[in-house]
Amino acid sequence: MKVRIAILILTLGFSAARGQQTASGEPAENQIDSLYLEDQFYVGLSYNLLLDRPEGVSQNNLSYGILFGFIKDMPINRERTLAIGVGLGYGVNSYYSNLRALRNGDDYQYAVLSSADSYKRNKIETHLIELPVQFRWRNSTPTDYSFWRIYAGFKLGYVVGSRSKFVTSEFKDSFYNTDTENFRYGLTLNVGYNTINFHVYYGLNNLFESGVQGPGDGDLNMIPLRVGLMFYIL
């Protein structure tokens, strides 16, 4: 009886060992994934700039951006060093400046705060659903997880909420702002090696809707520019 049990155990063990081998006879742990994908989850941090500011408007404090999401990596060559990436993400962007938004019913006005005005914070903040599209080049291999990458493309976005906030030591004024441009689009570039990747986004349309009156005689035609770091996760 013991001999039969031993033979059965050896037989099952041999069968399991064979099941862990590939058609080429290599153990599963030694297999090379020739169909690997790269950089499908991302998290980014940025410093936000506003270009073409009206005269007298300046930025202050730390205008920051936070973004994260998922990108479907679709290689287009045999070596898998070229790919198209299409994704879905979420972004929060704050712009601190001395340009204060004032609400009057359903209308908004904008005024430049002077150095004599005492306030702690003044910002406009946007929340976006984003759709990044990238053409991707990298010199990765199935076994090398540290590689150079250049990902260039564009990003579409839709603002799901904008808020203006003005804070002094005595009171706070905060409200949802509806005259920002909801549909966003711009160019993107991500360049780096391994963990550290430089990220830039250049907006191709204005932060505010067309015709929004600035503090002077002209319209508010400020363009967002965001620079920072991008971190990718397989």
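Mentor: Two rings of Phe, Tyr or Trp (its six-membered ring) form a pair if their centres lie within 6.5 Å; planes under 30 degrees apart are stacked, those over 60 are edge-to-face, and the rest are tilted. The structure discussed here is a predicted model.

Trainee: How many aromatic pairs does the structure hold?
Mentor: A pair is counted if the ring centres lie within 6.5 Å. By that cut-off the number of aromatic pairs in the structure is 9.

Trainee: Is the pair of Y119 and F166 stacked, edge-to-face or tilted?
Mentor: The ring centres of Y119 and F166 are 5.7 Å apart, and their planes meet at 35°. Stacked needs an angle under 30 degrees and edge-to-face one over 60.

Trainee: At what angle do the planes of Y151 and Y232 lie?
Mentor: The centres of these two rings, Y151 and Y232, are 5.5 Å apart. Their pair is edge-to-face, because the planes are at 70°.

Trainee: Which strands hold Y151 and Y232?
Mentor: The pair ties together parts that are 81 residues apart in sequence. Y151 lies in strand β7, and Y232 in strand β11 (residues 223–233).

Trainee: Are Y151 and Y232 buried or exposed?
Mentor: Relative accessibility is 0% for Y151 and 14% for Y232. Both values are under 20%, so Y151 and Y232 count as buried.

Trainee: What volume does the largest cavity have?
Mentor: The structure holds 5 cavities of 30 Å³ or more. The volume of the largest cavity is about 140 Å³.

Trainee: Which residues of the lining are closest to the centre of the largest cavity?
Mentor: The largest cavity is lined by 19 residues. Elements giving two or more of them are β4 (99–104), β6, β7 and β8 (172–176). The lining divides into 11 nonpolar, 4 polar and 4 charged residues. Closest to the centre are L99, A101, K123, I124 and S164.

Trainee: Which elements each supply at least two residues of the lining of the second largest cavity?
Mentor: The second largest cavity has about 70 Å³ of space. Its lining has 6 nonpolar, 4 polar and 1 charged residues, including Y42, H199 and Y232. The elements that each supply at least two are β2 (64–75), β6, β9 (183–193) and β11.

Trainee: What is the phi of D39, and what is the phi of R80?
Mentor: Most residues other than glycine have a negative phi. D39, in the loop between α1 (2–19) and β1 (41–51), is buried at 3% relative accessible area. R80, in the loop between β2 and β3 (82–96), is buried at 13%. Both have a positive phi: for D39 near 50°, and for R80 near 65°.

Trainee: How far apart in space are W137 and R80, C-alpha to C-alpha?
Mentor: W137 lies in strand β6 and is partly exposed at 35% relative accessibility. Neighbours within four places in sequence aside, the contacts of W137 include T81, L82 and Y151. W137 and R80 are 57 residues apart in sequence, and their C-alpha separation is 8.9 Å.

Trainee: What distance separates the C-alpha atoms of N206 and F183?
Mentor: N206 is in the loop between β10 (196–203) and β11. Beyond its neighbours within four places in sequence, N206 is in contact with residues including E181 and R184. N206 and F183 are 23 residues apart along the chain, and their C-alpha atoms are separated by 9.8 Å.

Note on methods. Residues numbered from 1 in each chain as written. Predicted model: local features only at pLDDT ≥ 70, side-chain atom pairs only at ≥ 80, totals over all residues. Heavy atoms only, no water. Helix = DSSP H or I, 4+ residues; strand = E, 2+ residues; numbered from the N terminus. Buried < 20%, exposed > 50% of the residue type's maximum accessible area, 1.4 Å probe, protein only. 1 Å grid on protein atoms, 1.4 Å probe; cavity = no way out; pocket = protein on both sides within 12 Å on 5 of 7 lines; lining within 4 Å. Points joined across faces, edges and corners; volume = space filled by probe spheres on them. Nonpolar A, V, L, I, M, F, W, Y, C, P; charged D, E, K, R; others polar. Contact = heavy atoms within 4.5 Å.
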